[in-house]
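Hello,

Here is the structure I said I would pass on. Please look it over first; my notes follow below.

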Amino acid sequence: MAALQASSLAIPSSSSSGCHLKRMITASIQLPKPSKLSLVDPSAAMTKKLVEELRTRNGYAFAEPLQMDVAQKDRVLEPCLSPTSSIDTTTKLYAILEAVEDRVEMHDNIGEQRDNWNELLLNSVNMMTLTATTTAAMAVATPAPSLRGCSALLFTAATGMSLVMSKIQPSQLAEEQRNASRLFKQLRSEIKSMLMLQSPTESDVKEMMEKVLALDRAYPLPLLGAMLEKFPVKFEPAAWWPRVSNKHRQSRGTKTVVKTERNGWSEDLEVEMKAIVQVLKSKDKQDYLRLGNLALKLNKMLAVSAPLLTGIAAAGSAFGGSTATAVAAIAGTMAAITNSFEHGGQVGMVVEMYRNCAGFFDLMEETIEATLEERDYSKRENGEMFEMKVAMKLGRSLSELRVLARKSMASCIEGTEVDEFGSKLF
């Protein structure tokens, strides 16, 4: 409030004595306080609201808060970000994170559905097979066309369903979806860590997109046209990561070292990692390839045997005669046993498990080799951190990992074989 005072304001007055007096009057006039003019761009509030929405979107926060500064010269609002990051890059990474979250949910749901397929189809096929077998046995004791007809019809239906189960391998489909869900959850954690601890760049966004698409190719959701081959000619490890081309590896390996800092790496650590790779190649990976080939051959034999036995049983019931009906009853019993062993024992799931384990060691081998081929130490992951991650993935302590590396180097010198596997997890 401001006050204006009027002083020495004289008002003449008269009195009975005729003397002229002066009366002094003091007055105050109240005026409103002038408001301050705002120099902020009107779009600042809207931009700040957008930034707050990005910071709290899906419950995640940025690694560093975004500070909004108003340029004094041209009143342009610009975000103060790290040199390697931007709002657009972070928004793209959040979009990829949302897609990964959605894929986790889809693979969980479809994996549960296909696991139910395995149980329901197995129960249905076995019930039809055993019912047809009982009917065929009754037809032997009491010859009747109706019993033989019912038995033949049930065996025919069981043959068709058994062919479908042998083709799609529901237990293997369910294991594929479980592996996909686990790997997408791992990728989700990696993206969250990147948002919290790093300043993402466009190369990070491209790398995450390539990983998502590689997982989509490795574990497809649809059955028709995109389903993985359940009986390949050669058993091969699963590959769910973007492959590094040989040309890219050669170009990366010919780079000259510019910086003298080794980023936690030493010659002893590099030799240790090479020795670990040799153990994984010669022991772990080869063992899972051998077991995978055996499981695949067994699964092929069972997948052919079950429909063949039910087909023989259907033909025996249709032709009639005591001998043919007896053969139908025996074949039906053997078909039920074969189906229970194949799908109840989930041989297809075992094949997929071996394929995934072999792929894990293939990924470890490729990751270590690609890291060692990078000649610029500043672009490598910190050596001590990398060693700790390798040890944790193999279920070993750092001291145990170094002991394994020494055994591998000694075996190369002496020409003997290492007496243990690289991984203690599986």
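Setting aside neighbours within four places in sequence, N356 is in contact (heavy atoms within 4.5 Å) with N179, R182, Y219, A238 and W240. This is a predicted model, where local features need pLDDT of at least 70, side-chain atom pairs count only at pLDDT 80 or more, and totals for chains, interfaces and linings use all residues. Residues are numbered from 1 along each chain as its sequence is written, and side-chain values use heavy atoms, leaving out hydrogens and water.

N356 has a relative accessible area of 8%, so this residue is buried; buried means under 20% relative accessible area, with a 1.4 Å probe and protein chains only. N356 belongs to helix α9, residues 347-373. Helices here are DSSP runs of H or I with at least four residues, and strands are runs of E with at least two, numbered from the N terminus.

Is α9 as a whole enclosed or open? Of its 27 residues, 21 are buried, so α9 is largely enclosed by the rest of the structure. The end C-alpha atoms of α9 are 39 Å apart, which agrees with the 39 Å that its 27 residues should span at 1.5 Å a residue. That expected span is 1.5 Å times one less than the number of residues.

For the protein overall, there are 11 helices and six strands. Of its 426 residues, 37% count as buried. Among contacts with a separation of 6 or more, 79% come from residues 24 or more positions apart.

Regards

Terms used
Buried < 20%, exposed > 50% of the residue type's maximum accessible area, 1.4 Å probe, protein only.
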